[in-house]
Amino acid sequence: IALLEFMVRIERLYSDMTGLVLSVLSTDLFFSFTGNIIGSGIFVSPKGVLENASSVGLALIVWIVTGVITAIGALCYAELGVTIPKSGGDYSYVKDIFGGLAGFLRLWIAVLVIYPTNQAVIALTFSNYVLQPLFPTCFPPESGLRLLAAICLLLLTWVNCASVRWATRVQDVFTAGKLLALILIIIMGIVQICKGEYYWLEPANAFEPFQDYDVGLIALAFLQGSFAYGGWNFLNYVTEELVDPYVNLPRAIFISIPLVTFVYVFANIAYVTAMSPQELLASNAVAVTFGEKLLGVMSWIMPISVALSTFGGVNGSLFTSSRLFFAGAREGHLPSLLAMIHVKRCTPIPALLFTCISTLLMLCTSDMYTLINYVGFINYLFYGVTVAGQIVLRVKQPDMHRPIKISLVWPVIYLLFWAFLLIFSLYSEPVVCGIGLAIMLTGVPVYFLGVYWDNKPQCFNTFMTYLGQKFCVVVYPMEDEKKNEESAEEIELKEQSVPLSAEDEQTPKSADC
């Protein structure tokens, strides 16, 4: 407790006065980065990886290789993040390197399907694991699942609107909780190995296939594993809000991703010490089945740990997606209202509300898993496009200032893996990948009508912006050039419009500002 209090004091001492404020030291970076990667994926993906890898040994190799590739991708993104220091992640990089249309398509697919669907699925997973113990002999009612998922989304949206620090504290607490649960799984696995329960880890048995090996299926196994590592580009969405990103960003990568890889690999080792491949494939809740086999009366720990994991996952996804929409609005690719922040709390309330509403709409649909398959292919397509942009930027602007500069060997390795993943995924699932491409291409006419067309009527947009400002009490953040004209002692958040009320003029701003 004393250590945490000390960290909070240090954090406040180094608080920076920016439009979007997030004073984060390396401890917060570590918790936020690790917490955003470790989500529901580790409790869902083991089945998908094993099913497509066709053997336990190859499945473990997939987990290790995916962790290495994730680290390489994160390093490539780290260079881009400090070279193009804009919140918005790969959207900002693709737009600056390849132009407005490419950036808009990345934003379009994220706004339309990726973030709303992922958040809805994670929230439904949370509600399922909370309610399942209350319905031991049947599945929870569909209406109850959706209602609890909606309450989860609304609560976390309120937290993110209220304070950036509260949002990061939620991430810290739930990251610690789920790491402890995964440590329990790993310890139980070690106990099982000490008891001699490692039949499926012996080389002769580990690589014994239960179906014929297939390159296309192996690519899908990597795609399933990559889903569990999703969120590795989290910090690039909040680059402008980080304290000393040149030091803390690589440090977070070097600590967090090896830790996540270690946890994932040993969690899967623990699973196969208690279950055969056939038992694992027959379970839709691997961690729960594991707990029932080894924990006895304490098996309730597993659904609780999954609930903690997914609750933190929803928080992290809300945090990053609202920043992406904020960046898109600032560049003119989304309504300008989404680029505004609260006059005292300095949080992007309109972007958060937009994210929450779009996710709640996804809870009204029933076929979300198909949507995830559609956009998963496109998501990794843009990862590769972004890393390719790093090479293009090196060629076009070799003298550009790069506080972090990695060898071009790493983006080349990433792109080779990316090409293998996408080509063979397209070969194995042509319909799913084709529909994902079709969803992305629907953004082309929207771009030319909504962004490229400059002479369209402005009255409706002006009215909606005014109405939104009054409702959310938000203004545009201070421009960078204005901040550069002021000394470090005099920097403060300045509103570009008059206060909306006398109360706003008199009330001091939150410590987040």
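Reader: What makes Arg-146 and Glu-142 a salt bridge?

Author: The closest N and O atoms of Arg-146 and Glu-142 are 3.2 Å apart. A salt bridge is a side-chain nitrogen of Lys or Arg within 4 Å of a carboxyl oxygen of Asp or Glu, so the pair qualifies. This is a predicted model, in which local features need pLDDT of at least 70 and side-chain atom pairs pLDDT 80 or more, while totals for chains, interfaces and linings use all residues. Residues are numbered from 1 along each chain as its sequence is written, and side-chain values use heavy atoms, without hydrogens and water.

Reader: Where do Arg-146 and Glu-142 lie?

Author: Both are in helix α7 (residues 142-162), 4 residues apart, about one turn of the helix. Helices here are DSSP runs of H or I with at least four residues, numbered from the N terminus.

Reader: Why is Glu-142 called partly exposed?

Author: Its relative accessibility is 48%. Buried means under 20% relative accessible area and exposed over 50%, with partly exposed in between (1.4 Å probe, protein chains only); therefore Glu-142 counts as partly exposed.

Reader: Why is Lys-95 called buried?

Author: Lys-95 has a relative accessible area of 14%, so the label buried applies. Its side chain meets that of Asp-96 in a salt bridge (2.7 Å, N to O). Asp-96, at 34%, is partly exposed.

Reader: Which parts of the chain does the salt bridge of Asp-90 and Arg-106 link?

Author: The side chains meet at 3.3 Å, N to O. Asp-90 is in helix α5 (residues 90-98) and Arg-106 in helix α6 (residues 100-131), 16 residues apart. Both residues are buried.

How values were computed
Helices (H or I, at least four residues) and strands (E, at least two) are DSSP runs, numbered from the N terminus.
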